[in-house]
Each structure stands twice: as structure tokens, then as C-alpha cells.
Amino acid sequence: MSDDGMNRREFLYGTAAMGALGLAGCTSGGGDSDMSLRVGTSAGGTKNVGLAVEQAASNHSDSLEYATVESPGYIGTIRRMAQGQFNSGITDNNSLNKAIEGTGTFAEQGVDSIPWYGFYAFPYSIYVVARDGTGIETFDDLAGKNVYPAEPGYSTRATTLDVWSQEPTADIYDQMNIVDLSVEDAPGAMEEGEIDASIAYGTPGAGYTGFVTQIASRIDVHYVEPTDALKQSAEGYGGAGTSTVSYSDWSLGNADIGTDEVFTWDLEVNYTFNPTASDDAVYELCRVVEEHNEDINSTEAQFNNFESTSDMHASAREQIPVHPGAAQYYKDNDAWDDSLTEASRD
């Protein structure tokens, strides 16, 4: 980290927060006193994002020790953090929401603790495409059709089915024939007519997941228009975000899917932290990812592009408290949102 960066951190955090949190490296009530973060990270694009952030921390901080630890998926990350295997982890809002409410997989086996929010890493934005010739034009037309919501066990699938099963779209969802196939087999099955429609997802501006690009390269597909009911279900579901994305900024290869923009429900992926993660370490990581956001993006485009400090907590939810180190960073940069809750170790 440059001298300018060190001076800025000492001024913003060391003076503004001294009374509440203590001097950097000597945090009172701030979890572990060391400046190390062991970050549980699942495979694939999430791991690529985590490694890009680790590289930035190594290049731009003289005090923070960041280590990537392999973890089995977002739900597995929550479970392992609850067991104290690492003090930070990348997981998603839907899984966190279910852990808090004791639903889904957490209904059978809950966890004793839920990690605290840090900052927004990236979204997996989701919409639906249909094979040409199926007669599917809108979401309502999926009733009675063979629909592929990704492979069983995928978080994008779980979030999609959670959204669809809400009112007022539950009746359409109940009439769908949900296809259970691996992502390796899905493109061939759609090409052969065994799948009529599939979710398409990825990170806007960065690309799509592999099986979706394969589908678009092998057959002609078109956008399935969302109904008002679908928008209502997506916007009313607490475990997902929503967005509208220009298709020209996020095209599916060279495919013309017949729309200028897509409405998405978003699996929001976040950096989270246990109470044992020191406030100083979390604060320093927040500084690194904002001040060196461009470096991270150049290494891994999937990581969010923060245009302002407040963008860092765009995925924050009232029911998930914000780690004190992250909360202090937002307050010092005039980006705190009073609708959020700062976590307390009391």
C-alpha cells in the first residue's frame, strides 16, 4: 500500500473511530487483533473473483494478510464459517436469508451463527430464453413446458425456483415440467427438443456461464418476456435482487434474442465476515477493493465496478447486520445507509 493510502486510512479510521474502536491494530471489542482474513471461496467464477481480490490485497496493503480457502459452495461456506473454519467467506443473500429464517436446507440442519455483511462482490443475473418454434413468448407460456432452471444444487436454480414459487406466479410454476439435468447435458437436450426453455445467467458486462453460451451457439433462442406477475414475485422475494440490463451491454454471443433489455432476478454474492474478523482488517479490505477497484476488474471483470462507495453495499439487507469494520468504512466515506444495522458483539 502507498504512503498516501496508509495516511488516508490512519486519518479516517484511526481518528474518526478511535473512541469507539481503538487504534488500528489494537481494536477494542473488534474480534481478533491481527490483520488476517481467511476467506472461504467456492469454485468457478467465485474463486476467480476471490483470487483477484487477494491479489489486490497483496499488491496494495502492507498490513492485511489475505488467504483464499477452498469452500464447498455458498451454503457450505455459511456452515463452515459457523464452525469457525475461517473468519470471512463469499456467499449469497438467498442462502443467508434461508440460514436466518431456518428454511430450505437450513430447516433440517441450522447453524448457530450467521456471518455479517461486508460488501457486494457480484451478481448472477438471471432471465429466461426459449427455443424458437416452441410458441413461448411470455412467462405465462412456460406452463406445461419443459423448463431447465440449471443443475440441481446450483444456487442460481434455487433462487430461480424460489422466485417462481412466490405469489402471484406459483400457479404457472406448478404447471411447469422442471428438467433435472447436468449443465453438461443441457445444451444437447435443448438442441434435441427435450428442453423448451432455460434460464440464462451470468454477470452483466462480464459474460454468461458456459452452458448458456453453448445453447446460444447451437440453436436459435429468444427472450421470454416477463409478466407483471413475474416482476412482482421477483421484487417481493427477500433473497433476490432485481435489475433491468441493456442487452447491447450484455449480449449472449452474437445471438439476437429479440429484445433491447432484459429484466433479471439476481443472486447477489457478497463478502461476509464473522465477528472474529477484526474491524481493522475488514476496514482495510473495504479500502483496498474501492481504491483499487479498477485493478481488480482488470484481473477479473466479474467483480463489481463501484462507481461510488455506496455501491459497495447495494446488496445489503436490513436483516443481515453489517460488520462494524465495514460499517465504519461506509460512515467515514459518507456512504452509510441508516436503514442498515451495524452488528454488535454485545
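Notes on the source. I am working from a predicted model, in which local features need pLDDT of at least 70, side-chain atom pairs count only at pLDDT 80 or more, and totals for chains, interfaces and linings use all residues. Residues are numbered from 1 along each chain as its sequence is written, and side-chain values use heavy atoms, with hydrogens and water left out.

Aromatic pairs. I took rings of Phe, Tyr and Trp (its six-membered ring) as paired if their centres lie within 6.5 Å, with planes under 30 degrees apart stacked, over 60 edge-to-face and the rest tilted. By this rule I have 15 aromatic pairs. One of them is Tyr127 with Tyr208, edge-to-face, at 6.3 Å centre to centre and 80 degrees between the planes. Tyr127 lies in strand β4 and Tyr208 in strand β8 (residues 207-208), so this pair ties together parts that are 81 residues apart in sequence. Strands here are DSSP runs (E, at least two residues) and helices likewise (H or I, at least four), numbered from the N terminus. Tyr208 counts as buried at 14% relative accessibility. I also looked up Tyr127 with Trp250, which is edge-to-face at 5.8 Å centre to centre, with 80 degrees between the planes. Trp250 lies in the loop between β10 (241-246) and β11 (261-273), so its pair with Tyr127 in β4 ties together parts 123 residues apart in sequence.

Core. Of its 96 residues, Phe119, Tyr127, Trp164, Tyr271 and Leu285 touch the most other members. Strand β4 gives the largest share of this core, 11 residues.

Ser71. I found Ser71 in the loop between β2 (65-70) and α4 (73-82). Ser71 counts as buried at 4% relative accessibility. Its side chain makes a polar contact of 2.8 Å with that of Thr77 (N or O atoms within 3.5 Å; within protein, one must be able to donate a hydrogen and the other to accept it, and residues adjacent in sequence count only if both atoms are side-chain atoms).

Asp140. I placed Asp140 in the loop between β4 (116-131) and β5 (146-148). At 38% relative accessibility, Asp140 counts as partly exposed.

Notes. Buried < 20%, exposed > 50% of the residue type's maximum accessible area, 1.4 Å probe, protein only. Core = buried A, V, L, I, M, F, W, Y, C linked by side-chain atoms within 4.5 Å.
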